[in-house]
Amino acid sequence: MSKIVVYTGLFTDDINQIYGILPEYQVDGVEFICYTNTPHLKSDVWDVRLVDLEFDNPRKTARKYKLLPHKYLSEYDGWFWIDNSCSFNYNPVDLYNHYIGDNFDISLHRHCDRNTLSEEADICSIRNLDNPNIISIQMNKYFNELNYPNNNGLYETGILMRRNNDTVIKFNEMWWDELNQHSVRDQLSFPYVLYRNSDIRLNAIEETF
């Protein structure tokens, strides 16, 4: 049986303020790990790991742990990231085995509201989810310089299952490189990196989470 870890990140620009929750679960045989920079976050279920805030933007520090589990959780066969705004209704091991199993490397949900990267970029800019200039430079690179096809699909990364293998590690590293250079909105870089890694065996979940 594969050794799976469920992990998340909860970072704040004020260590006395906690933004988000850690739902408490009772699941035998599953390890829950949360990376945070606030010593005030406590849990009876989650292994709360206190780490430094690496970047001025707390979200970027969270993204580094999200995108690079092979650097921090290399001892596991599979990684199950869940945003701290989400919670489980089913056993995460059952979900992992169902959606990854023996045949896939990565599994996540297709986007329930939008279909193209350009739509997602427009929404992120309009809602000021990140600096519109940074997003514009990133999209110009993908569409104009690298001829990325806009109809290549869009995904929601709040729930993300990955197998620990060399193919996925290569994907993780490239994904982090893109995010580190451009927007912290990881849903903008994910489809481009997937396009560049055609050997990834993706299982796109059609139902919304």
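Which residue in β4 is the bridge partner of Val-6? Phe-80 takes that place in β4. The model is predicted. Its sheet is open and has seven strands with mixed pairing. The count of aromatic pairs comes to 18.

**Sheet**

- The strand order is β3-β2-β1-β4-β6-β5-β7.
- β3 and β7 (202-205) are the edge strands. Each has a single partner strand, so one side of each lacks a neighbour in the sheet.
- From one strand to the next, the twist averages 25°.
- Strand β1 (residues 4-10) runs parallel to strand β4 (residues 78-82), and four bridges pair them. Val-6 and Phe-80 are bridge partners here.
- Helix α1 packs on the sheet. It touches β1, β2 (31-36), β4 and β6 (155-163). The direction of α1 makes about 40° with that of β6.

**Aromatic rings**

- A pair of aromatic rings is described by the distance of the centres and the angle of the planes.
- By the pairing rule, there are 18 aromatic pairs. In one of them, the ring centres of Phe-55 and Trp-176 are 6.0 Å apart. Their planes stand at 45°, so this pair is tilted.
- Phe-55 lies in the loop between β3 (47-50) and α1 (58-67), and Trp-176 lies in helix α6 (residues 166-181). The pair therefore ties together parts that are 121 residues apart in sequence.
- Phe-55 has 22% relative accessibility and counts as partly exposed. Trp-176 has a relative accessible area of 8% and is buried. The cut-off for buried is under 20%.
- Ring pairs also link a cluster of Tyr-25, Phe-32, Trp-46, Phe-80 and Phe-88.

**Charges over rings**

- Lys-60 places its charged end over the ring of Phe-55, 4.9 Å from the centre. Phe-55 also pairs with Trp-176.
- Lys-3 lies over the face of Tyr-76. The distance to the ring centre is 5.0 Å.

**Arg-114**

- Arg-114 sits in the loop between β5 (106-110) and α4 (117-126).
- Is Arg-114 buried or exposed? Its relative accessibility is 15%, so Arg-114 counts as buried.
- The side chains of Arg-114 and Glu-120 make a polar contact at 2.8 Å.
- Leaving aside residues up to four places away in sequence, Arg-114 touches Glu-119, Glu-120, Ile-123 and Leu-154.

Terms used: Residues are numbered from 1 along each chain as its sequence is written. This is a predicted model: local features need pLDDT of at least 70, side-chain atom pairs count only at pLDDT 80 or more; totals for chains, interfaces and linings use all residues. Side-chain values use heavy atoms; hydrogens and water are left out. Helices (H or I, at least four residues) and strands (E, at least two) are DSSP runs, numbered from the N terminus. Buried means under 20% relative accessible area, exposed over 50%, partly exposed in between (1.4 Å probe, protein chains only). A polar contact is a pair of N or O atoms within 3.5 Å; within protein, one must be able to donate a hydrogen and the other to accept it, and residues adjacent in sequence count only if both atoms are side-chain atoms. Contact means heavy atoms within 4.5 Å. Rings of Phe, Tyr and Trp (its six-membered ring) pair if their centres lie within 6.5 Å; planes under 30 degrees apart count as stacked, over 60 as edge-to-face and the rest as tilted. A charge sits over a ring if NZ of Lys or CZ of Arg is within 6 Å of the ring centre and within 35 degrees of the ring normal. Two strands pair if DSSP finds at least two bridges between them. Axes are lines fitted to C-alpha atoms, for helices over the stretch in contact, and angles run from 0 to 180 degrees between N-to-C directions.
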